[in-house]
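Below are my notes on the model you sent, as numbered points.

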Amino acid sequence: MSLKIVDTKSPQVTHKRNPGYPLDLDWVERVRMNRSALERRANTIGARRTVKKDYQLAWLLKAITLIDLTTLNADDTPGRVERLCAKARHPLRSDIVDKLGVSDLRILPGAVCVYHSFVKTAVDALAGTGVPVAAVSTAFPHGLAPVETKLREIEMSVADGAQEIDIVIERGMVLRGDWQALYDQVKAFRKACGDAHIKTILGTGELATQTNIAKASLVCMLAGADFIKTSTGKEKVNANLVTSLTMIRMIRWFAEETGIEIGYKPAGGIATAGDALKYMALMKEELGTHWLQPHLFRFGASSLLTDIERQLEHGLTGHYAADYRQPMV
Amino acid sequence: MNKIAQIFDSLDYGPAPEAPDQAIAWLDSKSRKFGHFIDGAWTAPGRSFTADNPATGAPLAEITDGTAEDVDAAVKAARAAFKSWSALSGYERGKYLYAIARMIQKHARLFAVLETMDNGKPIRESRDADIPLVARHFYHHAGWATHLAREFPDHVPYGVCGQIIPWNFPLLMLAWKIAPALAAGNTVVLKPAEFTSLTALLFAEICERVGLPKGVVNIVTGEGDTGAAIVNHPDIDKIAFTGSTEVGKIIRAATAGSGKGLSLELGGKSPYIVFEDADLDSAVEGLVEAIWFNQGQVCCAGSRLLVQESIEERFIAKVKARMAKLRVGDPLDKSVDIGALVAPVQVERIRELMKKGVAEGAVVYEPDGQLPATGCFLKPALVTHVSPANTLVAEEIFGPVLVAMSFRTPEEAVALANNTKYGLAATVWSENINLALDIAPKLKAGVVWINGTNNFDAAVGFGGYKESGFGREGGREGMAAYLKPAWEKGLKAELAAKPVAAAPRNPLDAGRLDQTAKNYIGGKQVRPDSAYNRPVLGPKGDLVGEVGEGNRKDIRNAVEAARAALGWGNAAAHARAQILYFLAENLDYRRAEFAARIRAQTGENGDAEVAASVERLFAFAGWADKYDGAVHNPPMRAVAAAMIEPLGVLGIVAPAARPLLGSVALIAPAIAMGNPVVLVPSERAPLSMTDFYQVLETSDVPNGVVNIVTGDSLTLAKTLAEHDGVDGLWFMGSAEGSAMVEKASVGNLKQTWTSRGLAYDLADPRFAGDYFLSKATQVKNVWIPYGA
């Protein structure tokens with residue numbers, strides 16, 4: 001029985017990786033995004049779709065598997081990263097797992113996401129779990145280093161064992177409409193990643209308009225992105241539902257035109273179980289249920305996990321739970 | 001596998017029911033039997049009908065079927081309460097409205113759950129749309145009450161208002177009716193729809209609890225006969241109705257000649273236009289709200305999709321994919337998009353219409369999926385392969401059924417959009433602001449939504465063009481619908497002029513060159529179709545001239561010419577002003593001649609009348625570019641532009657008295673606002689206006705803007721009233737003639753204004769202001785959300 005579950009959980013096997021496509025500027029110019037309408041849709045999703053009781057518990061368990069458990073602070077140390085990886089090995093208290101009766105599901109986060117300096121530490125700490133290590137790269141969070149430096153950074157992270165590379169784009173290229181430059185750079189990053197999957201961080205809080213965000217999403221996908229990601233977490237405005245709707249509609253359009261399914265990763269500011277459920281409902285409504293799998297959807301978050309644990313405990317006991325009773329992230 | 005593991009795989013939504021317990025407890029506390037709320041007290045339940053939950057078929061309560069006696073008692077209570085209620089300061093009335101708004105917010109969930117149980121609409125809608133808008137409406141009008149005296153000087157409330165509301169937004173329509181009526185100082189007798197009385201009854205309880213003076217609000221439940229008793233009650237001063245165009249026409253005919261104020265908010269078949277440069281996914285989402293909100297049981301539902309041919313295939317595919325995501329089911333489930341229709345009879349009606357449409361060639365798409373086994377449910381439907389000739393395109397379906405057609409050019413989009421007897425709302429999607437703002441004024445609809453849909457707010461007027469009714473709800477124009485000028489109540493009956501017998505005469509005595517006064521149609525002097533003439537007699541019965549005996553065909557031709565001149569409404573207001581000034585100048589130039597003609601026909605001092613006419617033309621020349629719209633601030637990031645638009649072709653039947661001023665005082669405001677006119681001048685003294693066409697000809701008035709047909713006023717008025725190409729009709733004459741005009745206007749529900757035999761003194765300066773301007777125009781609210 002458990003084998004069967006593992007089988008159904010592994011659609012990666014059939015997932016076709018984005019091969020990249022020529023830059024199609026006509027397509028880029030056809031993009032239209034109406035902010036007010038996007039807001040109306042995005043901001044009502046939580047009122048249109050809700051999950052309760054067992055459904056909520058199951059959805060929250062799924063949410064854990066979609067988390068890129070992240071630490072990206074200037075004061076990170078190997079000790080801090082090891083603690084994060086320990087949490088990744090056991091994202092849920094074992095008594096909660098047992099009471100839910102889901103030990104067969106092997107609930108683990110989607111990845112652990114760190115700076116290059118800690119890739120090795122994380123790879124070692126996660127050995128045997130199957131949880132991949134993601135490295136932020138290319139002069140995260142601003143992206144304004146020489147391209148040679150950025151390519152080298154990717155290569156070194158891959159060499160250290162990172163299976164996923166979260167690159168940042170140069171926001172100025174978008175603001176100047178220099179799609180060719182953006183395309184060329186992302187394409188070069190993708191090549192440097194080799195077999196490692198590439199997530200392109202747009203820094204949406206600095207792209208000014210929904211139309212810019214949509215066009216940048218498209219150019220990154222044409223250049224070969226496996227994921228498009230909203231934010232570094234360092235911009236003034238991080239992920240939100242409106243920007244998410246813009247980006248996932250571009251993913252949908254890209255899939256309609258190419259048949260290739262691109263992943264989506266909102267990051268920054270997603271801290272509550274309720275938020276996570278809204279994002280998941282939006283994904284399910286706009287892209288379909290099968291997009292709610294780790295190879296197509298991730299949350300860039302850390303404190304989110306603690307809140308989900310509390311909600312799960314509440315669901316089991318009927319009592320409200322305290323965060324200090326969950327092992328810290 | 002345990003259940004959680006299964007859901008972990010399927011990621012289904014599962015049930016998310018809203019508990020009905022409190023609503024059930026409230027119903028039980030009333031023993032599920034209701035009387036009326038009259039004079040601040042509850043009557044004992046009488047002969048009743050059952051209110052059902054349309055989602056389950058379960059009975060909810062017994063509702064009393066109001067009798068004529070019940071209505072009479074309610075009207076008496078409202079009449080008794082009117083004097084003291086209208087005498088309260090606006091501030092005092094405002095405080096009651098504010099208290100009602102607060103109470104509705106406090107009990108919002110109970111109202112929402114009760115509404116959903118009674119009506120079948122999804123709880124998300126009653127909770128997030130209906131009830132918040134209700135509270136907002138009372139708040140907004142609490143403010144109007146406070147500022148009434150300053151904002152509407154010299155205006156008074158009608159008195160007792162009879163209000164009849166539909167079942168699709170039961171409490172919201174109640175709020176739209178009661179809030180402005182009370183703010184203005186009226187008292188009301190309201191009948192909720194028979195399918196959905198419960199929230200109105202809960203509202204009555206709120207009125208009790210805020211201590212609203214007894215008799216100010218009376219709720220009488222019942223069916224069609226109860227409504228008819230309200231419409232026909234002689235002591236009701238104004239009727240406000242929201243519902244079907246069919247019933248609206250019955251009410252228009254029933255109130256004809258009664259002098260009752262009337263506002264009608266009726267059906268629609270609103271176009272939803274998507275241009276190729278739109279944000280298509282957002283346009284699809286808007287469409288979901290346009291046609292599947294409230295199961296499509298929305299008067300302004302965007303039920304006619306018009307999509308540019310270049311994107312038709314792609315857009316339709318997107319719509320179909322979106323439809324597959326709509327969840328139909330238990331309306332108390334928080335994750336349901338489409339609930340139950342209000343009653344089995346509606347489901348049947350829609351099925352019959354669909355059968356007819358399919359027989360005519362329509363192709364229907366419905367997504368897969370199961371409907372609940374019982375209850376009034378329908379799947380969302382998309383109808384293609386149709387043209388305007390198909391029943392499903394022409395008729396209001398009032399259900400979850402979208403019809404789709406394509407267009408090639410913006411011009412064709414407008415033509416298709418306006419190809420309907422209705423004119424309630426319209427939606428335009430385009431990211432090109434130039435295109436969107438070019439299309440909006442061309443759509444014959446009271447509300448236009450650009451890049452959005454179903455935006456409503458108490459500060460922004462809502463109401464229709466054409467057979468979608470008249471009068472507005474919300475905003476300044478909505479307040480105006482519950483007020484009238486104070487002086488109107490003091491009007492006396494017009495004294496009938498003594499008939500003059502023709503004196504014996506010999507036409508050869510004239511001594512002047514014979515003049516042939518003709519009709520003036522499309523800028524040409526044309527002989528009457530009848531080839532007969534009628535004599536014009538002076539005060540002593542002497543023959544002063546002859547004019548054409550106009551008939552139906554002359555009116556037909558004049559209306560044709562006027563319709564061809566509808567572009568007058570698009571001319572720059574400055575240009576219209578210039579032409580009116582020029583008319584004044586040229587009339588003034590021929591002052592002596594016109595004065596002499598007036599004297600010859602009436603024996604009265606013509607100089608004063610000519611001077612007054614010149615001044616009136618001058619006055620309305622000045623108004624042409626000043627009587628304009630407003631920009632509202634609804635609570636969202638949008639501007640709502642209230643645009644003042646002409647009614648269209650205006651028929652004007654001038655009074656018998658004052659041969660020149662009687663016509664000029666009416667055509668001046670009409671053409672100043674851009675309406676082409678078909679004028680029937682004074683029946684007794686038409687020569688001043690047949691002279692006037694020479695002034696028209698020398699003043700650059702475009703052909704067809706003013707058309708003049710002489711003859712028998714009543715006969716010509718009837719033809720005008722019955723003509724579907726006439727958009728408005730002003731009639732000055734007898735009470736009987738006025739009643740005839742109002743009754744005959746039901747064909748296209750044209751807006752009428754009649755003098756009802758009362759002595760309107762058109763020389764009074766009050767008629768140089770906005771009195772006729774407001775009657776020559778209608779307000780279109782264009783919603784323009786913005787944001788990059």
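**Notes on chain B**

1. Strands β4(B) and β5(B), the latter spanning residues 59-64, are paired in the antiparallel sense through 5 bridges. Within this part of the chain, B:Ser48 has B:Thr64 of β5(B) as its bridge partner. The model is a predicted one.

2. These strands belong to an open sheet of 3 strands in chain B, ordered β1-β5-β4, with mixed pairing. Its edges are β1 (33-34) and β4 (48-52) of chain B, and each of them pairs on one side only.

3. On the overall form: chain B contains 26 helices and 32 strands. A compact globule of 788 residues would have a radius of gyration near 28 Å, and the value for chain B is 28 Å, so the two agree. Along the principal axes, the C-alpha atoms of chain B fill a box of roughly 110 × 65 × 45 Å.

4. If one takes the contacts in chain B between residues at least 6 apart in sequence, 74% of them join residues at least 24 apart.

5. A second open sheet in chain B is built from 10 strands with mixed pairing, in the order β14-β15-β16-β13-β12-β17-β18-β32-β26-β25. At its edges stand β14 (363-365) and β25 (630-632) of chain B; each has a single partner strand, so one side of each lacks a neighbour in the sheet. From one strand to the next, the twist averages 25°.

6. Within that order, β26 (residues 638-646) and β32 (residues 777-785) of chain B form an antiparallel pair over 9 bridges. B:Ala638 is placed opposite B:Pro785 of β32(B).

7. Which strands does α11(B) lie across? They are β12 (271-274), β13 (304-308), β16 (401-407) and β17 (425-429) of chain B, and the helix runs at about 170° to β17(B). Helix α12 of chain B, residues 312-323, lies across β12, β13, β14, β15 (381-384) and β16 of chain B. The angle between α12(B) and β15(B) is about 160°.

8. Among the helix contacts, α2 (residues 21-29) and α5 (residues 108-119) of chain B have axes that come within 8 Å and cross at roughly 80°. An angle from 65 to 115 degrees counts as roughly perpendicular, and α2(B) and α5(B) are therefore described that way. The residues in contact are B:Gln22, B:Ala23 and B:Trp26 from α2(B), with B:Leu110, B:Val113, B:Leu114 and B:Met117 from α5(B). By class, this contact of α2(B) with α5(B) comprises 6 nonpolar residues, 1 polar residue and no charged ones.

9. How many residues of chain B are in contact with chain A? There are 34, and they meet 37 residues of chain A. On the side of chain B that touches chain A, the elements giving two or more residues are α1 (3-10), α6 (123-151) and α11 (280-292) of chain B. The most comes from α1(B), with 6 residues. By class, the residues on this side of chain B are 12 nonpolar, 8 polar and 14 charged.

Notes:
Residues numbered from 1 in each chain as written. Chains lettered and ligands numbered in written order. Predicted model: local features only at pLDDT ≥ 70, side-chain atom pairs only at ≥ 80, totals over all residues. Helix = DSSP H or I, 4+ residues; strand = E, 2+ residues; numbered from the N terminus. Rg over C-alpha atoms; globule rule 2.2 N^0.38 Å. Contact = placed C-beta atoms within 7 Å. Pairing = 2+ DSSP bridges. Axes fitted to C-alpha atoms, helices over the stretch in contact; angles between N-to-C directions. Parallel < 35°, antiparallel > 145°, perpendicular 65-115°, else oblique. Nonpolar A, V, L, I, M, F, W, Y, C, P; charged D, E, K, R; others polar.
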